[in-house]
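User: I am new to this structure and would like to learn how to read its features. Please take me through them one at a time.

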Amino acid sequence: MPRNEHLTRVELIDPTLHDLGWIGALIREEKTPGGSDIIDGRPVKRSGRTDYLLCLPILPGKPPLAVGLLEAKAEGKLASLGIQQARRDAAKHHVPFYFSTNGELYAEFGEDTQRIIDARPLTNFPTPDELRGRYQALKGIDLTNPNTLPLLMPYKGGELARWYFQDAAIRAVLERIAAGQKKILLSLATGTGKTVIAAQLLHKLAQAGQLRRALFVCDREELRIQGMGKMHAVFGDNAQEVSTSDPRRNARILVATYQTLNITSEDDAPRFWKDNYPPDFFSHIIIDECHRSAWGKWSVILRDNPNAIHIGLTATPRIVVGGGKKDEAGKKKDEEITNHNLEYFGQPVYEYSIGDGQEDGYLAACEVIRRTVDLDKKEITREDIVERSAVDAFTGRKVKPGEIEDKYTAGDYDAKLMLDDRVKAMSEDLFQFLLDTGGPHQKTVIFCTRDHHANQIFIALQNLYLDWCKKVKRTPKENYAFQCTGNPDLRPPASDLIPEFRGSKSSHFIATTVDLLSTGVDIPNLDNVVFFRYLESPISFYQMVGRGTRTGEPRGSKAMFRLYDYTNCTRLFGEEFTSRYRPTQPPGDDSGGGEVGAPGESYGGEGGDVPPRQTKIIRVGENQFTVKIEGVGDSIGRSILCQENGEDVLVPYEEYKQRLAARLFEEAPSVDALRSAWVVPDRRHGLLRGLPGGEAAVRLVRELESEQECDLFDVLAELGYGLPPKSRPERAAAFSYKNKQWLKDFPDRTSTVLVNMARQFEKNGIEELETPQLFNVEGVDFNALTGLPVEADRLIQETKVRLLA
């Protein structure tokens, strides 16, 4: 009988590779967390993916360098069966060589050959020395040269201090530096730890003696606080925060915001910057959120340090397009400096998307609820307003017809035209969703159009909450809803409100904002992201969605978040990160409407937080318009975020379930076929990866169908074959009586152990019978499974099959 995958690896692959020089730490396991399930109110880790990296020994006492990935298949399968999976995983690990083997033969792909080579004897597998030669030739570097030393330095805190994709990103940057490249761009989804990457990257450079002085620069106070925390954790007092009173010239790592450096204005020679930091003062400059922070005159930092390594960190690399003839000169000038991320830095040397993070379990899954407001499909004319009760929003004075524009469309609502009926209807609709999905006490960010809109939404939701508390006889929580914008007159200021929103479990649940919470603010336990504003920029949109992708605190305690879209912003999923060109504006000038990431946006405030005083804002009171809100797609507008051909796409929930069922039927034409695949870990994981949206989306379906007590097998069996789902406790309890006759064929001691094993299924499903800790459980003695006509492994496998029958 052919060996299974585990035995193939242990008995065939490992011995052959060992003889070829792949010994000890040269084959490294990298495991993804696989996300978490919430069981009995507690986060329970599920098994993730295990990848095997081939690493080169370069310096004694230093970590070996990852250059390849190996996918093992069972002895009876094609050697090349794993090459497609290896291709995808190798890209995530940033290794140029990947291999698939069944223990006898192997297939490989190398970026140097650009070909898949199949059916070679495993005894001919490349040795470490051979792979090293190919790697050096491909990358154009010599691993004995001192400029490659950073690649070989250990992480601060060891290998457990980073995630696999952070390691891949850091290696990608250091390879380029070693090859002489000075401008480098990294693109990783919000929530994946770009600041950690920056700190560990600088640490490796410092250990190698290649870091003289570094500047970590950002454009928001919250980003500065986070950056300083990560840098101090790695460098201690060698990392210092720049203030307007102290330039910290003696520190090795300087953390600063643009306005602290006095380079946010149109001044060609910013005084503080020029007085304290002479040309080439820094050897390395890292620009955080570079899609929004390296525009126009701010690029003086880069121009004054032409010999430094310039590294851009972004979740959304910008491409600037458009601009009429009158803007051509300004557009050209800006692009000559740093206005175009990809033109300045080049293509990202490493990318890791929201979809990647959700599949791996590092980011929370996303359910999308899309709603439409019927009033937004219409124009409101001057005549419509004149015949209604309309006043100046700031003075309460009745407006004259001449002060009213000819017409207003959806993009004008809440910016130029405040409609109390629209605010009321949207707030009521959202509040009802909160009540229907667990209650009102959910951490929620609502993105609004302007500062005054955020104020009105805050008031509406606070009143809805107080009315609800009165109705159900509950004591209201303090500061349930609050306005959190960049308005300098707001008290308490946003800097005081954000920590409460982040940390308090008894107050500050609903934050209404414009842009302030769109980037750099980490709210790990955020439950909902809501769009009450219109957006054109995919950059802005992805930054805002990223507020919800954190997996909770403690990490892994949040499986999903909800995105409520009232303005069709989710059409921007999968769009290129392009922005319309706009001439640079002086700070504080927000006449253009100010999306996050728009060139020329004002620093420090939120684009759109405080409207220019010359803008006439008209307010129409309640009971003047009828507003109806409906779902898009199904009755409430639910959708699932998936990836297709490398792009993020929204699929209506019912359509997604149909796609999932169709794809499942291709992979497993019957429930028996599904069951056979499900009890074999690698087949199960492969099947889940092949479904639309991957395992994360299937788990999201389980949440939406309120089947949290079911193993994913039952979720799929219901979708694909119409079988009623059974909970884990039901299956565990039924095992004894359903298999009474089968159990009688074994000694009592063995039967008891099999029943006790089956009871473990109740905890977290099939994976509980696959964990190495299974035989540490009381009443599950491995010795009771030995000395029988049936091997212990096959007996465990049969138990799993019978549990799912």
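User: Is Asp 89 buried or exposed, and what is its relative accessibility?

Analyst: A residue counts as buried under 20% relative accessible area, as exposed over 50%, and as partly exposed in between (1.4 Å probe, protein chains only). Asp 89 has 0% relative accessibility, so Asp 89 is buried. Its salt-bridge partner is Arg 88, at 3.4 Å from N to O; Arg 88 is partly exposed at 28%. A salt bridge here means a side-chain nitrogen of Lys or Arg within 4 Å of a carboxyl oxygen of Asp or Glu.

User: What kind of model do these values come from?

Analyst: The model is predicted: local features need pLDDT of at least 70 and side-chain atom pairs pLDDT 80 or more, while totals for chains, interfaces and linings use all residues. Residues are numbered from 1 along each chain as its sequence is written, and side-chain values use heavy atoms, with hydrogens and water left out.

User: How many salt bridges are found in the whole structure?

Analyst: The search finds 46. One of them joins Arg 382 and Asp 406, whose closest N and O atoms are 2.8 Å apart. This pair links distant parts of the chain, 24 residues apart: Arg 382 belongs to helix 14 (residues 382-386), and Asp 406 to the loop between strand 19 (390-392) and strand 20 (407-408). Helices (H or I, at least four residues) and strands (E, at least two) are DSSP runs, numbered from the N terminus. Arg 382 is partly exposed at 25%, whereas Asp 406 is exposed at 55%. Another salt bridge joins Arg 388 to Glu 387 at 3.3 Å, N to O, and Glu 387 is exposed, with 60% relative accessible area. Shared partners also join Arg 28, Glu 30, Glu 159, Arg 162, Asp 167 and Arg 171 into one network of salt bridges.

User: In what order do the seven strands of the open sheet stand?

Analyst: Strands of a sheet pair through backbone hydrogen bonds, either parallel or antiparallel. Two strands count as paired if DSSP finds at least two bridges between them. Here the order is 11-12-10-13-14-9-16, with parallel pairing. Strand 11 (239-241) and strand 16 (350-352) are at the edges; each has a single partner strand, so one side of each lacks a neighbour in the sheet. From one strand to the next, the twist averages 20 degrees. Strand 11 is joined to strand 12 (residues 253-257) by three bridges, and Gln 240 stands opposite Leu 254 in strand 12.

User: Which strands pair with strand 30?

Analyst: Strand 17 (residues 365-373) pairs with strand 30 over three bridges, in the antiparallel sense. Strand 31 (residues 647-652) is also antiparallel to strand 30, with six bridges. Ile 369 stands opposite Arg 638 of strand 30, and Glu 644 has Glu 647 in strand 31 as its bridge partner. Strand 30 (residues 638-644) is mostly covered, with five of its seven residues buried.

User: Which residues touch the most other members of the largest nonpolar core?

Analyst: In soluble globular proteins, nonpolar side chains tend to be buried together. A nonpolar core is a set of buried Ala, Val, Leu, Ile, Met, Phe, Trp, Tyr and Cys residues joined through side-chain atoms within 4.5 Å. The largest one has 65 residues, and Trp 22, Phe 125 and Met 231 touch the most other members. Helix 5 (residues 164-178) supplies its largest share, ten residues. Apart from this core lies another, of 52 residues, including Val 679 and Tyr 721.

Terms used:
Axes are lines fitted to C-alpha atoms, for helices over the stretch in contact, and angles run from 0 to 180 degrees between N-to-C directions.
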